[in-house]
Amino acid sequence: MEYTVILILVLILASILFYLYRNNKKLTKQIETLKEILIIKDTTISNLEASRIAVKDVIENFSLHEEVMKLIEAGESRETVSEKLGIPASKIELIIKFDKIKKEQSNAS
């Protein structure tokens, strides 16, 4: 009788261990899936932040474009425009080059 009780307890213990092992495998797969989802989420967030920064930069450049070109066309030097508007001289150069390309493309059309 003692052996029967021990055998039953061993069988119950083995069943519990098998159940826990199977659930552990399922949870491991779910963890891997969640890790992949987190990587995709982080990539998406990074891409959206980069896009937002790019759009913000384009909007700033576009709004400054007219002001810069008015001052340049009025005879102001690039350095003076840079100081007046608080924009780096390299950005002034970029806006002027962009305007030149824009005018060339509109003349070609």
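Biologist: In which helix is His 65 found?

Modeller: His 65 is found in helix α1. Helices here are DSSP runs of H or I with at least four residues, numbered from the N terminus. This is a predicted model, in which local features need pLDDT of at least 70 and side-chain atom pairs count only at pLDDT 80 or more, while totals for chains, interfaces and linings use all residues. Residues are numbered from 1 along each chain as its sequence is written, and side-chain values use heavy atoms, with hydrogens and water left out.

Biologist: Why does His 65 count as buried?

Modeller: Buried means under 20% relative accessible area, exposed means over 50%, and partly exposed is in between, with a 1.4 Å probe and protein chains only. His 65 has 9% relative accessibility, so it counts as buried.

Biologist: Which residues is His 65 in contact with, leaving aside its neighbours within four places in sequence?

Modeller: Contact means heavy atoms within 4.5 Å. On that basis His 65 is in contact with Ile 95, Phe 98, Asp 99 and Lys 102, leaving aside neighbours within four places in sequence.

Biologist: Which residues of α3 are buried, and what puts them on the same side?

Modeller: Ile 92, Ile 95, Ile 96 and Asp 99 are buried in α3. They cover an arc of only 100 degrees around the axis, so they lie on the same side of α3; the arc is that of the directions from the helix axis to the C-beta atoms. An α-helix has 3.6 residues a turn, so residues three or four places apart point the same way. The face turned away from the buried side carries the exposed residues Ser 90, Leu 94, Lys 97, Gln 105 and Ala 108.

Biologist: What makes up the largest nonpolar core?

Modeller: A nonpolar core is a set of buried Ala, Val, Leu, Ile, Met, Phe, Trp, Tyr and Cys residues joined through side-chain atoms within 4.5 Å. The largest has seven residues: Val 68, Met 69, Val 81, Ile 87, Ile 92, Ile 95 and Ile 96. Helices α1 (2-73) and α3 each supply at least two of its residues, and α3 gives the most, with three.

Biologist: Why is Ser 82 called buried?

Modeller: Its relative accessible area is 14%, so Ser 82 is buried. Ser 82 has its place in helix α2 (residues 78-85). Not counting residues up to four places away in sequence, Ser 82 touches Ile 87, Pro 88, Ala 89 and Ile 92.

Biologist: What makes Glu 73 and Lys 103 a salt bridge?

Modeller: A salt bridge is a side-chain nitrogen of Lys or Arg within 4 Å of a carboxyl oxygen of Asp or Glu. For Glu 73 and Lys 103 the closest N and O atoms are 3.4 Å apart, and the pair forms a salt bridge. This pair links distant parts of the chain, with Glu 73 in helix α1 and Lys 103 in helix α3, 30 residues apart. At 57% relative accessibility Glu 73 counts as exposed, whereas Lys 103, at 39%, counts as partly exposed. Glu 73, Asp 99 and Lys 103 are linked in a network of salt bridges.

Biologist: How many salt bridges does this rule count?

Modeller: The count comes to six. Among them, Glu 76 forms a salt bridge with Lys 84, with the closest N and O atoms 3.2 Å apart.
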